[in-house]
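Colleague: Could you walk me through how to read strands and helices in a model like this one? I would like to start with a turn and build up from there.

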2 protein chains.
Amino acid sequence: MPVGTLANVKTLTPAQLRDTGAQMILSNTYHLHLQPGEGIVAGGGGLHKFMGWDGPILTDSGGFQVFSLSEMRKISERGVKFRSPHDGQIIELTPERSIEIQNTLGADIIMAFDECPPYPVSREEVETATERTYRWLLRCIETHKRPEQALFGIVQGGIYSDLRSRAANALTELDLPGYAIGGVSVGEEPELIHEIVRVTAPLLPVNKPRYLMGVGTYREIAIAIAAGIDLFDCVIPTRWARHGTAMVRGERWNLKNARFREDFQPLDADCPCYTCKNFTRAYISHLVRSQEILAYTLLSIHNITEIIHFTQKIRQSILQGSFATDFARWLNTDNSVELEHG
Amino acid sequence: MPVGTLANVKTLTPAQLRDTGAQMILSNTYHLHLQPGEGIVAGGGGLHKFMGWDGPILTDSGGFQVFSLSEMRKISERGVKFRSPHDGQIIELTPERSIEIQNTLGADIIMAFDECPPYPVSREEVETATERTYRWLLRCIETHKRPEQALFGIVQGGIYSDLRSRAANALTELDLPGYAIGGVSVGEEPELIHEIVRVTAPLLPVNKPRYLMGVGTYREIAIAIAAGIDLFDCVIPTRWARHGTAMVRGERWNLKNARFREDFQPLDADCPCYTCKNFTRAYISHLVRSQEILAYTLLSIHNITEIIHFTQKIRQSILQGSFATDFARWLNTDNSVELEHG
């Protein structure tokens with residue numbers, strides 16, 4: 001899922017986004033609550049109509065953002081109070097409030113409100129947060145009023161395999177329509193992410209979508225899929241695009257690099273995207289050097305297409321029974337390719 | 001002509017630009033010479049191929065920019081020396097150099113290198129610059145090597161009708177493929193612009209394209225067309241878009257205005273553009289408030305479509321013989337609508 005924080009995937013129209021091959025997108029409850037407010041989104045006919053995206057949408061719960069972005073945070077069993085970065089008002093987000101907001105926004109998949117303690121934390125703090133996340137999930141289920149929206153639970157548990165296992169088993173018993181693994185992209189080492197995913201994903205039901213939150217690029221996606229993950233979201237393809245960086249065949253290219261100034265090839269001659277069909281590396285390099293917004297649009301189109309295409313190729317390999325060999329480059333964690341996560 | 005200074009119309013792909021109804025675009029010799037350099041544009045197959053625009057392109061000569069943007073300017077009969085804002089190097093632009101660069105860039109229409117004294121100036125200075133512009137034009141014609149590119153001359157003469165008339169008559173005798181009126185958007189009053197156009201345009205051959213440089217919005221376009229002008233360029237539709245401003249039926253709307261927050265109509269229900277077909281004022285207002293780049297793209301699409309549509313309606317009215325009555329609102333300079341120029 002490309003990330004469309006504020007009811008748009010940055011720099012792209014829905015038509016451009018559709019052409020990348022993206023199917024589902026993620027939007028952020030925390031941000032939309034602050035601006036424009038869920039009431040205005042609902043007034044516009046709900047998130048799909050408001051932003052002109054007729055594909056599936058998932059909203060996160062706001063939990064992650066409250067813990068990573070907001071100031072003056074106060075956590076209690078009831079929920080979290082924080083100061084609005086827009087107008088300084090104190091806002092309270094609780095499991096009930098998060099679900100009400102998500103019901104109002106109207107995404108196809110909504111997420112339980114979870115506690116994500118910022119890394120590093122003690123085992124005791126993680127255990128407390130994981131248990132509270134479970135109690136909050138029960139309140140989310142209780143509050144949820146729109147059965148056409150699928151409510152996913154989130155497995156927390158930090159870097160502790162036993163806490164992850166316990167949480168995964170407890171959530172599985174609730175027979176939810178889908179499950180997510182949360183809290184893995186917040187400052188942890190890539191090796192730890194892989195370990196958590198390898199431990200947790202197999203404990204979640206194979207007949208339900210399994211979603212690894214906030215991950216990733218090539219390597220993380222390949223390893224997570226090998227562990228059973230079906231769904232990802234990541235800001236990297238679009239964020240890197242806005243930094244003038246292209247993702248090409250597993251590499252990361254800074255288009256400001258002098259070697260691209262007179263390189264009249266497309267980014268990737270085999271890529272089917274609008275950018276690669278119409279423009280050269282030299283042109284994109286020129287736009288990046290000139291800080292022209294069009295550079296970020298063209299690179300976003302390419303990077304999203306690239307990562308979606310990567311998952312399409314994995315799917316093809318799985319169907320052909322050749323995933324482990326075709327993607328050995330990514331699945332073998334011992335080789336020298338730099339680990340990337342986000 | 002929408003303005004594509006650095007080989008792109010800001011925030012728009014060529015596909016989006018094409019859908020606005022725009023036919024010809026303008027690009028800037030001064031800017032392209034500094035970045036990426038005309039050699040790289042030529043290496044990419046010339047301006048059309050480099051930027052992916054298969055419609056007509058006009059390049060200006062760099063004269064206007066040298067006089068309005070550059071520092072450490074030294075003017076002589078030979079040309080202009082100035083300090084590059086990129087690397088501080090001294091660059092010399094002469095009539096010969098401007099034409100060579102434009103020949104290398106490869107636009108369909110290229111412009112003579114002219115002297116544009118910044119306003120206000122004395123009559124004596126204007127007369128000197130106008131006479132030098134004529135001598136420079138002769139050198140441009142001499143240098144021009146690509147007959148498939150149409151070289152247009154530029155009538156200068158400031159606010160002085162007799163200087164404008166003398167220049168227009170002298171240029172007409174050169175039997176160029178097209179003529180421009182320059183130096184009218186640099187700090188002059190709208191009434192003076194209208195007066196200059198009314199005096200100058202009728203002196204230029206009716207069977208050649210007549211181009212009013214750097215103008216304009218609704219009123220200036222209508223009045224100039226009434227005087228015989230065929231061609232315009234203006235940054236206003238795209239610049240206003242990047243300031244969150246929509247051009248709607250002759251009005252100028254700031255989408256940050258509170259009245260748009262919950263306004264679920266399109267900008268203009270009769271507008272055929274992608275923005276008006278897919279998004280509401282409330283959505284665009286949300287994007288502008290959030291400083292999302294997509295806001296500027298959607299508003300650029302709309303604003304260019306709007307001004308192109310305005311000229312299409314004028315064309316229709318002229319063919320029907322009803323221009324003067326259909327556009328009385330714009331042609332009558334005595335009414336209270338604010339004069340806008342750019």
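**Reading hairpins, sheets and helix pairs**

Modeller: Gladly! Let us begin with the hairpin formed by β4(B) and β5(B), which has six residues between the strands. In the turn, Gly88(B) has a positive phi of about 80 degrees. Do keep in mind that this is a predicted model.

Colleague: How many bridges join β4(B) to β5(B), and do the strands run parallel or antiparallel?

Modeller: Four bridges join β4(B) to strand β5 of chain B, residues 90-93, and the two run antiparallel.

Colleague: Which residues of β4(B) are on the covered face, and which on the uncovered one?

Modeller: Strand β4 of chain B spans residues 80-83, with Val80(B) and Phe82(B) on the covered face. Lys81(B) and Arg83(B) make up the uncovered face.

Colleague: Let us move to chain A. What is the strand order in its open sheet of seven strands?

Modeller: The order is β1-β2-β6-β7-β8-β9-β10 in chain A, with parallel pairing. The edge strands are β1 (25-27) and β10 (231-232), each of which pairs on one side only. At the β10(A) end, strand β9 of chain A, residues 210-212, pairs with β10(A) in the parallel sense over two bridges. Leu212(A) has Phe232(A) in β10(A) as its bridge partner.

Colleague: Which strands does helix α6 of chain A lie across?

Modeller: Helix α6(A), residues 95-105, lies across β2 (57-59), β6 (109-111) and β7 (150-155) of chain A, and runs at about 165 degrees to β6(A). Its buried residues are Pro95(A), Ser98(A), Ile99(A), Ile101(A), Gln102(A), Asn103(A) and Leu105(A). When reading such a list, remember that an α-helix has 3.6 residues a turn, so residues three or four places apart point the same way. Just after α6(A) comes Gly106(A), with a positive phi of about 90 degrees.

Colleague: How should I describe two helices that pack together?

Modeller: Two packed helices are described by the angle between their axes and the distance between the axes. Take α10 (residues 218-226) and α14 (residues 293-320) of chain A: the angle is about 30 degrees and the axes are 11 Å apart. These helices are therefore roughly parallel to each other, and their crossing is right-handed. Tyr218(A), Ile221(A), Ala222(A) and Ile225(A) of α10(A) meet residues of α14(A) including Glu306(A), Phe310(A) and Ile314(A). The contact residues divide into eight nonpolar, one polar and one charged.

Colleague: What does the pair α13(B) and α14(B) look like in those terms?

Modeller: The axes of α13 (residues 281-289) and α14 (residues 293-320) of chain B come within 7 Å and cross at roughly 135 degrees. They are therefore oblique to each other, in a left-handed crossing. Tyr283(B), Ile284(B), Leu287(B) and Val288(B) of α13(B) make the contact with Leu294(B), Ala295(B), Leu298(B) and Leu299(B) of α14(B). Those residues divide into eight nonpolar, no polar and no charged.

Technical notes:
Residues numbered from 1 in each chain as written. Chains lettered and ligands numbered in written order. Predicted model: local features only at pLDDT ≥ 70, side-chain atom pairs only at ≥ 80, totals over all residues. Heavy atoms only, no water. Buried < 20%, exposed > 50% of the residue type's maximum accessible area, 1.4 Å probe, protein only. Pairing = 2+ DSSP bridges. Axes fitted to C-alpha atoms, helices over the stretch in contact; angles between N-to-C directions. Parallel < 35°, antiparallel > 145°, perpendicular 65-115°, else oblique. Left-handed = near helix turned anticlockwise from the far one by under 90°. Contact = heavy atoms within 4.5 Å. Nonpolar A, V, L, I, M, F, W, Y, C, P; charged D, E, K, R; others polar.
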